[in-house]
Amino acid sequence: MQRPPVVFQLAGHPLRWQLISELARSDRRVRELSSSLGQPQPLVSYHLRQLRAADLVSTRRSSFDGRDSYYSLDLDRCAELLASAGAAIHPALTLGRSDPEAPRRSRRLRVLFLCTGNSSRSQMAEALMRERIGGAVEPFSAGSRPKPLHPNAIRAMSKRGIDISQQRPKHLDTFRRERLDYVISLCDRVREICPEFPGQPPTIHWSIPDPAAEPGSDRDTYPAFERTATELEMRIRYLLHQMSQQEGVRS
């Protein structure tokens with residue numbers, strides 16, 4: 001007898017489905033998942049291992065506390081498994097990937113990306129979102145300890161046809177009184193000190209390592225910036241789909 005597709009085996013368990021749903025929104029630590037789902041940490045860890053074995057979930061050591069780890073969901077892997085599962089049922093049930101539509105609302109969504117230095121990750125995210133969606137979303141970036149823009153961040157964006165050489169680092173205090181629709185932390189350290197913003201906008205955490213922390217010269221560390229840009233492109237693509245769906249419901 002043919003076994004069900006892997007994605008059905010994994011997501012068919014209620015707790016694993018809850019874990020997938022939680023991690024689809026934001027990277028989380030085990031204790032946060034345990035608290036939000038009301039389940040003991042050993043049980044949550046067991047089911048996270050099942051998801052990791054299927055390469056649906058990955059883990060990274062926290063840059064704030066090396067004894068801790070963040071779990072993230074590989075949305076591209078989810079899409080791949082869903083597509084193969086649909087095809088296993090019937091050839092007509094394959095899923096195609098589409099570009100996100102601009103969120104429909106009377107004013108532009110304001111999104112703030114945060115990291116420590118505002119020299120690479122958050123600057124790249126700001127530029128990628130602006131380029132991908134045009135004027136429908138107004139992205140910003142800032143840092144808790146701003147420092148000059150990293151030349152490899154400029155280079156990685158230039159490779160994608162985006163010029164960020166004129167962007168400038170900003171302190172997160174610049175936005176403390178700003179009205180925002182989403183706040184996205186890209187750094188484990190800045191997540192721990194992220195202030196509250198007016199209206200308490202939704203907060204999302206993407207645990208992405210600092211490419212500038214890689215050892216070696218700028219030439220040696222450039223591949224890390226490429227990996228960071230690629231991951232940001234993927235995460236932003238899915239975030240824009242989510243935002244489009246939410247705005248469609250409201251309109």
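Helices α2 and α4 are roughly perpendicular to each other, a class that spans angles of 65 to 115 degrees. The model is predicted, so local features need pLDDT of at least 70 and side-chain atom pairs count only at pLDDT 80 or more, while totals for chains, interfaces and linings use all residues. Residues are numbered from 1 along each chain as its sequence is written, and side-chain values use heavy atoms, with hydrogens and water left out.

**Packing of α2 and α4**

- The axes of α2 (residues 14-25) and α4 (residues 41-53) come within 10 Å and cross at roughly 75 degrees; axes are lines fitted to C-alpha atoms over the stretch in contact, with angles from 0 to 180 degrees between N-to-C directions.
- Helices are DSSP runs of H or I with at least four residues, and strands are runs of E with at least two, numbered from the N terminus.
- On the α2 side, the contact (heavy atoms within 4.5 Å) is made by Leu-15, Arg-16, Leu-19, Ile-20 and Leu-23.
- On the α4 side, Leu-43, Val-44, His-47, Leu-48, Gln-50 and Leu-51 take part.

**Nonpolar cores**

- A nonpolar core is a set of buried Ala, Val, Leu, Ile, Met, Phe, Trp, Tyr and Cys residues joined through side-chain atoms within 4.5 Å; buried means under 20% relative accessible area, exposed over 50% and partly exposed in between, with a 1.4 Å probe and protein chains only.
- The largest such core has 43 residues, and Phe-113, Leu-186 and Trp-206 have the most contacts inside it.
- Elements giving two or more residues to this core include β3 (109-115), β4 (137-143) and α7 (151-158), and α9 gives the most, with eight residues.
- Apart from this core lies another of 20 residues, among them Leu-15, Leu-37, Val-57 and Leu-81.

**Helix α6**

- Helix α6 has 13 residues and reaches 18 Å from its first C-alpha to its last, close to the 18 Å expected at 1.5 Å a residue, where the expected span is 1.5 Å times one less than the number of residues.
- Of the 13 residues in α6, 10 are buried, including Arg-121, Glu-126 and Ile-133.

**Individual residues**

- Glu-226 lies in helix α9 (residues 218-250) and counts as buried because its relative accessibility is 15%.
- Beyond residues up to four places away in sequence, Glu-226 touches Ala-156, Lys-159 and Arg-160.
- Asp-55, in the loop between α4 and β1 (57-61), has a positive phi of about 60 degrees although it is not a glycine, and counts as exposed at 52% relative accessibility.
- Asn-118, in the loop between β3 and α6, has a positive phi of about 50 degrees and is buried, with a relative accessible area of 0%.

Methods: Parallel < 35°, antiparallel > 145°, perpendicular 65-115°, else oblique.
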